[in-house]
Amino acid sequence: RKDLKKYGDWRYTFKITWILDYLESGKCDTDLILCTDAIDVIFQDDPQKIVDIFNGYDCDLLFMSTKNTTGYQHMPDVKEWVDNNHSGRYLNAGVWIAKVDFLKEFLKESLKYVGPEEPACDDWLEWQKKTPKLDYPKNGVDQDIFRFLEPKFYPRVKIDTKNLMAYRS
């Protein structure tokens, strides 16, 4: 989007900073918040179904899932934990729903990993192919930061491994 150029190259972690800014502004007057990627999410049914699915998972933050493992090569301990807990499905940050109070805590923890050397969206895949990063997910994208934090926050953070809320290959 042209209007984002005032922020420089688009960074995935803008989701972390902008949503946290909104939540801390006091403008959010709901108990739940649903976040979806703008470029590849299309609602096909009543959003209330997502709330119902979320409530069925007994957690504070629920992410959609994917088969894609990009980023885990830099976090082998996290990948092992995930494979032991829900093998074959991995956190996808394209759609998620959360309790607002918990989300503030989660995003504040996520902020610790947001850094100035995060690649722009267009450069992310090439950046991932480089030498493993010792302090990963520092300077990583939102999805990898969230993946890194999943074991720390489980069971308050869960993955919709059944693809009830949204589907991504």
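Contact is taken to mean heavy atoms within 4.5 Å. The structure is a predicted model, in which local features need pLDDT of at least 70 and side-chain atom pairs count only at pLDDT 80 or more, while totals for chains, interfaces and linings use all residues. Residues are numbered from 1 along each chain as its sequence is written, and side-chain values use heavy atoms, with hydrogens and water left out. Helices (H or I, at least four residues) and strands (E, at least two) are DSSP runs numbered from the N terminus.

Contacts between α1 and α4 join I16, T17, I19, L20, L23 and E24 of the former to V100, L103, K104, L107, K108, S110 and L111 of the latter. Eight of these residues are nonpolar, two polar and three charged (Ala, Val, Leu, Ile, Met, Phe, Trp, Tyr, Cys and Pro count as nonpolar, Asp, Glu, Lys and Arg as charged, and the others, Gly among them, as polar). Helix α1 spans residues 14–24 and α4 residues 100–111; their axes lie 10 Å apart at an angle of about 140°. Axes are lines fitted to C-alpha atoms, for helices over the stretch in contact, and angles between N-to-C directions run from 0 to 180 degrees. The two helices are therefore oblique to each other (under 35 degrees is roughly parallel, over 145 roughly antiparallel, 65 to 115 roughly perpendicular, and the rest oblique).

Within α1, the buried residues are F14, K15, I16, I19, L20 and L23, where buried means under 20% relative accessible area with a 1.4 Å probe, protein chains only. Their cover includes β1, β3, α4 and α6. After α1 comes G26, with a positive phi near 85°.

The largest nonpolar core has 25 residues, of which L61, F63, W96, L103, F106, L107 and F146 touch the most other members. A nonpolar core is a set of buried Ala, Val, Leu, Ile, Met, Phe, Trp, Tyr and Cys residues joined through side-chain atoms within 4.5 Å. Helix α4 gives the largest share of this core, five residues. Leaving aside residues up to four places away in sequence, W96 touches I19, I33, L34, C35, L61, L62, F63, L103, F146 and M165. A second, separate core of 11 residues includes Y57, L62, I97 and M165.

The axes of α3 (residues 76–86) and α6 come within 10 Å and cross at roughly 60°, which makes this pair oblique. Here V78, W81, V82 and H86 of α3 meet R147, F148, E150 and P151 of α6. This contact comprises five nonpolar, one polar and two charged residues.

Conventions
Buried means under 20% relative accessible area, exposed over 50%, partly exposed in between (1.4 Å probe, protein chains only).
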